Amino acid sequence: MPVMSDNWIKKQHNSMINPFFEQKKRTGVVSYGLSSYGYDARVGNKFKIFTNTHSSIIDPKNFDNKNFISIETDVCTIPPNSFALASTIEYFKIPRNVLVICLGKSTYARCGIVINVTPLEPEWEGHVTIEISNTTPLPAKIYANEGICQCIFIQGDKPCAKSYADNNGKYMKQQGITLPKIDIDTNAENTC
């Protein structure tokens, strides 16, 4: 299973990444655009920062939007030992025979900022929701419209039997920051 090169990404970009920057942008910014074996995506200017104001429990099956403070800014300051959500500016459409792994940019990693993104599965599409952890005891800045993660494209030996689209994935075609959700079977019986 090969990791796909800049030549392959460039050929696929019209159907896979929008907007797309063929030349890596670096001067004065956290870099973004096409790299040798990946694509560095940018973070948008909308953020959801965790807060303990309401002292509720984080429950992925019953997520309370009051756990966040929503802001729109060009520079997001994440409090010490805290966490935020954001999304990429780029919209991705992943081919059926490709899996994408996203890793944090080294510029942020060297500042104690951990970027987490789950794999982008075959035939998934949407804006990528990005999890940003400030692991330091100090406030940390995240710069909107600049690089946040590098996407590595891995091609399978053949197309998968069932893609994310075939499985009607719950995060399909997500726009902006998408909070956790659980599929509910409305036909299931309640049992004690």
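In which strand is Glu-131 found? I located Glu-131 in strand E10, where helices (H or I, at least four residues) and strands (E, at least two) are DSSP runs numbered from the N terminus.

**Basis.** I worked on a predicted model, in which local features need pLDDT of at least 70, side-chain atom pairs count only at pLDDT 80 or more, and totals for chains, interfaces and linings use all residues. Residues are numbered from 1 along each chain as its sequence is written, and side-chain values use heavy atoms, with hydrogens and water left out.

Entry 1: I found Glu-131 listed by UniProt under "active site", in an unreviewed entry; UniProt positions follow the numbering used here, feature names are shortened, and annotations may be inferred rather than shown by experiment. Glu-131 is buried, because its relative accessible area is 17% (buried means under 20% relative accessible area, exposed over 50%, partly exposed in between; 1.4 Å probe, protein chains only). I then listed its contacts (heavy atoms within 4.5 Å). Leaving aside neighbours within four places in sequence, Glu-131 is in contact with Phe-83, Ala-84, Leu-85, Val-114, Ile-115, Asn-116, Val-117 and Thr-118.

**Entry 2: largest pocket.** I took a pocket as an open set of points on a 1 Å grid over the protein atoms alone, where a 1.4 Å probe fits, with protein on both sides within 12 Å along at least five of seven lines; lining residues have an atom within 4 Å of a point. The largest pocket has a volume of about 500 Å³, a volume being the space filled by probe spheres set on the points, which are joined across faces, edges and corners. Its lining has 22 residues, and Thr-118, Thr-129, Glu-131, Tyr-171 and Thr-178 lie nearest the centre. Strand E7 (82-93) and strand E10 (125-134) are the elements that give two or more residues to this lining. E10 supplies the largest share, three residues.

**Entry 3: nonpolar cores.** I defined a nonpolar core as a set of buried Ala, Val, Leu, Ile, Met, Phe, Trp, Tyr and Cys residues joined through side-chain atoms within 4.5 Å. The largest has 39 residues, of which Phe-92, Leu-120, Ile-132, Ile-142, Ile-148 and Phe-153 touch the most other members. Strand E12 (residues 147-155) gives the largest share of this core, four residues. Another core, of five residues, lies apart from it and includes Phe-68, Leu-85, Ile-177 and Leu-179.
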